[in-house]
Each structure stands twice: as structure tokens, then as C-alpha cells.
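Please look over the sequence and the model before reading on.

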Amino acid sequence: MRFFRPSHRVVPAHPAEAAAIARLYERSWEDAGATLNPAALREVVPSREEVVAWFGGGFEIYRTEQDSTLVGAVRLSFPAGSCHLDQLVVIPPFRRRGHGRSLVEHALGRARRAGATRVWAQVSPRLHPGQAFFASMGFQVSSPNPVVLAGEPVLPLELAV
């Protein structure tokens, strides 16, 4: 019988890790080619240079590891009293082990400390596990009409914090 779920350490990522983080995104999305269109995949898989730009562009990037292996990351920004959570990934062999939940819980805590009243995210309606994950974290669809990004419909999600 398990009484406690494992907690995964979430730490800030550093610019020196940009290449490893870019590889993490490649690995995380390599199995989505049959689900998302190629333009959308290009949008969610950043290059090393793009990850470097995130660090200089006002984003906060957090990561988690298991046994010294980088397994997940999330990107946050804080526009106008809210928090935008995006680029949440966990590589396939480590999914459904609490890494994504730890990253989002960390993001929610960071949003509260920043004084944000809402956290925004988005998910493709075709990514059913992603929808179920965000729903389990308390996010709700903020508009029934998907927004189109890179030719892919995405559902806007929100959570009051």
C-alpha cells in the first residue's frame, strides 16, 4: 500500500542547458507526428537557439530529472497579473510517473508567489491525455471555441490561483 506519491525535484533551468532542453523537446514530441500537423510540431519543438532566447526574453524555465536524466520541463511567463504556462513536456518513458504534475504544481506555486490570479495554458483537442491531465489539475476550458495556432486548433485553459 502506498501512502505518499513520489515528489520530483523541480529546479530552474539555466542557459547552459539550452541544448539539452532542446533535445528534451525533440524526444518529448517525436511520437506526436500522427496526431499533430507538421507546422504545429515545428512550433512546439524549439531549437537550441530558441531556448537560449527564452532565457533572455522574460521566460522562466523549470526542469525535473530522474536518476540524473532530464525528463521534463515547463516554460512560464507573467503577462498582466496572470501566469502563462506552456511548453510542458515529459519524455515518453517517464510519463504518468508524476513529473508533469510536479512541474505544474511548481508553476502554480510560482504563480501565487508572483501575485498572479489566473494561470493560462492550452492543449490540442486531439491530445486527449493532455486534456485529461490538465482537467485533473483543475484547469477548465475557458472558451469552447478552439484558437488556431500554426494551423492546429488549441483549447485555451484557465485556473484561478
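Predicted model: local features only at pLDDT ≥ 70, side-chain atom pairs only at ≥ 80, totals over all residues.

## Aromatic pairs

Across the whole structure, a search finds three aromatic pairs. In one of them, the ring centres of phenylalanine 133 and phenylalanine 134 are 5.5 Å apart and the ring planes meet at 70 degrees, so this pair is edge-to-face. Another pair joins phenylalanine 134 to phenylalanine 139, with ring centres 5.2 Å apart and planes at 85 degrees, and because an angle over 60 degrees counts as edge-to-face, this pair is edge-to-face as well.

Phe133, Phe134 and Phe139 form one aromatic cluster. Phenylalanine 134 counts as buried at 7% relative accessibility, and phenylalanine 139 is likewise buried, with a relative accessible area of 5%.

## Arginine 75 over two rings

Arginine 75 takes part in contacts with aromatic rings. Its charged end sits over the ring of tryptophan 54, at 4.5 Å from the ring centre, and arginine 75 also lies over the face of phenylalanine 59, where the distance to the ring centre is 4.0 Å.

## Salt bridges between separate parts

Side chains of opposite charge can pair when their charged atoms come close. The structure holds eight salt bridges, and one of these brings together the side chains of aspartate 31 and arginine 95, with an N to O distance of 3.2 Å. Aspartate 31 lies in the loop between helix H1 (18-29) and helix H2 (38-44), while arginine 95 lies in the loop between strand S4 (82-90) and helix H4 (99-113), so the pair ties together parts that are 64 residues apart in sequence. Aspartate 31 is partly exposed, with a relative accessible area of 47%, and arginine 95 also counts as partly exposed, at 33%.

A salt bridge also links arginine 126 and glutamate 152, whose closest N and O atoms are 2.9 Å apart. Since arginine 126 is in the loop between strand S5 (118-123) and helix H5 (128-136) and glutamate 152 is in strand S8 (residues 152-160), the pair ties together parts 26 residues apart in sequence. Arginine 126 counts as partly exposed at 42% relative accessibility, whereas glutamate 152 counts as buried at 2%.

## A network of salt bridges

Glu17, Arg63 and Glu65 are linked in a network of salt bridges. Within it, glutamate 65 pairs with arginine 63, and their closest N and O atoms are 3.0 Å apart. Glutamate 65 is partly exposed, with a relative accessible area of 37%, whereas arginine 63 is buried, with a relative accessible area of 13%.

Notes:
Residues numbered from 1 in each chain as written. Heavy atoms only, no water. Phe/Tyr/Trp six-rings, centres within 6.5 Å; stacked < 30°, edge-to-face > 60°. Buried < 20%, exposed > 50% of the residue type's maximum accessible area, 1.4 Å probe, protein only. Lys NZ or Arg CZ within 6 Å of the ring centre and 35° of its normal. Salt bridge = Lys/Arg side-chain N within 4 Å of Asp/Glu carboxyl O. Helix = DSSP H or I, 4+ residues; strand = E, 2+ residues; numbered from the N terminus.
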